[in-house]
Amino acid sequence: MRKREPSERGDQTYPPLPEALVVPVYDNHTHLEVADGDDPIDYHEHLDRASAVGVRGVVQVGTDLETSRWSAEQAAREPRMLAAVAIHPNDAPEYDAAGGLEAALAEIAELATWPRVRAVGETGLDFYRTGDDGRAAQYRSFEAHIEIAKENGIALQIHDRDAHTEVIETLKRVGAPERTVFHCFSGDAELAEICTENGWYMSFAGNVTFKNAGNLREALEVAPRALLLVETDAPYLTPMPYRGRPNAPYLIPHTLRAMAAHLGTDVSMLAAQISSNTELVYGRWEDDPVQAS
């Protein structure tokens, strides 16, 4: 649906399939609408490869109206996919400047009622890309998304960049949904402790395997196993040893095995815990039937 911008990133072929997991897991956050690499593959192929290595399903995440619609529509027909819908915090100021933020939020609220849409996200605050002039729109959008999640009894997936304090303050002020997930957890042990105190889930992506990500591994040590999730954020954040190449849900085993090794635990035990956590957050993938194609 969209093509990732080309860059001077070296090898842009998809990595080989890893050894399959004995106990399957889910990819808690992915963007299969984005075509990437020298030889892009469609979402059916992504899901087939994932199934072959023990990744039984994905949460396909929207970031604007177009990708949220696409995510909801594909999840309605694909049994291995659930959807999350939202206006990304970096897009909220653009919708607002065009006079369309309220209408966009209304459509997200409608999409959130679809049976296989099981999360509102990714939403939150991002002060890395958006300056002071866009923060009011980000806050308004974030708070509206929180309410949409609570009204529909579904999970909230948070995008949080350079805004840890402000995200936490907003969640506490407005009231976080029962199931709140810090997608692509980017904090340290202190943030992990705050999430633990509030029962918020922490989803680790491929960057937890990077050599310079000591803060993420320290957070992983603090996080209770009952609050752990795993994701790709594909096509971004490809885990070692394939950093820089296109990412995909079938590469989850690399991240999971690195997490288990750091924690000194059995991979299958960690997979079983994370799989259970994922179903507690989103429900079972088979709970709602898919439409005939």
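**Entry 1: α5 and α6**

I started with two helices and found that α5 passes α6 in a right-handed crossing. A crossing counts as right-handed if the near helix is turned clockwise from the far one by less than a right angle, and as left-handed if anticlockwise. Before going on, I noted that this is a predicted model, in which local features need pLDDT of at least 70 and side-chain atom pairs count only at pLDDT 80 or more, while totals for chains, interfaces and linings use all residues. I also noted that residues are numbered from 1 along each chain as its sequence is written, and that side-chain values use heavy atoms, with hydrogens and water left out.

Helix α5 covers residues 135–152 and helix α6 residues 164–174; their axes are 11 Å apart, and they pack at an angle of about 45°. That makes α5 oblique to α6. Angles under 35 degrees count as roughly parallel, over 145 as roughly antiparallel, 65 to 115 as roughly perpendicular, and the rest as oblique. Axes are lines fitted to C-alpha atoms, for helices over the stretch in contact, and angles run from 0 to 180 degrees between N-to-C directions. Helices (H or I, at least four residues) and strands (E, at least two) are DSSP runs, numbered from the N terminus.

I then listed the contact, which means heavy atoms within 4.5 Å. From α5 come Tyr-139, Phe-142, Glu-143, Ile-146, Glu-147 and Lys-150, and they meet Glu-166, Val-167, Thr-170, Leu-171, Arg-173 and Val-174 in α6. By class, the residues of the contact of α5 with α6 are six nonpolar, one polar and five charged. Ala, Val, Leu, Ile, Met, Phe, Trp, Tyr, Cys and Pro count as nonpolar, Asp, Glu, Lys and Arg as charged, and the others, Gly among them, as polar.

I also looked at what α6 lies across: β6 (117–126), β7 (155–161) and β8 (180–182), with α6 running at about 150° to β7.

**Entry 2: α9 and α10**

Next I took α9 and helix α10 (residues 267–282), which pack at an angle of about 115° with their axes 9 Å apart. That makes α9 roughly perpendicular to α10. The contact is made by Leu-256, Arg-257, Met-259, Ala-260 and Leu-263 of α9 with Val-267, Leu-270, Ala-271 and Ile-274 of α10. The contact of α9 with α10 has eight nonpolar, no polar and one charged residues.

**Entry 3: the sheet**

I traced an open sheet of eight strands in the order β2-β4-β5-β6-β7-β8-β9-β10, with parallel pairing. β2 and β10 stand at the edges, each with a single partner strand, so one side of each has no neighbour in the sheet. From one strand to the next, the twist averages 30°. Two strands pair if DSSP finds at least two bridges between them. Strands of a sheet pair through backbone hydrogen bonds, either parallel or antiparallel.

Strand β2 (residues 25–30) runs parallel to β4 and is joined to it by four bridges; Asp-27 stands opposite Val-58 in β4. β4 also pairs with strand β5 (residues 81–85) in the parallel sense over four bridges, and there Val-61 stands opposite Ala-84 in β5. Met-202 stands opposite Leu-228 in β10.

I checked burial too: buried means under 20% relative accessible area, exposed over 50%, and partly exposed in between (1.4 Å probe, protein chains only). Six of the six residues of β2 are buried, so β2 is largely enclosed by the rest of the structure. In β4 (residues 55–61), six of the seven residues are buried.

**Entry 4: the loop between β10 and α9**

Thr-232 is in the loop between β10 (228–230) and α9 (252–263). Is Thr-232 buried or exposed? Thr-232 is buried, with a relative accessible area of 2%. Its C-alpha atom is 7.6 Å from that of Asn-28, 204 residues away along the chain. Not counting residues up to four places away in sequence, Thr-232 touches Asp-27, His-29 and Thr-30, among others.

Asp-233 has its place in the loop between β10 and α9 and is buried at 10%. Its phi is near 55°, a positive value in a residue other than glycine. Pro-241 is also in the loop between β10 and α9, and the peptide bond from Met-240 to Pro-241 is cis, with omega near 10°.

**Entry 5: other backbone entries**

Most residues other than glycine have a negative phi, and most peptide bonds are trans. I noted Cys-184, with a positive phi near 45°, in the loop between β8 and α7 (189–198). Cys-184 counts as buried at 13% relative accessibility. The peptide bond from Gly-121 to Glu-122 is cis, with omega near 10°, and Glu-122 is found in strand β6.
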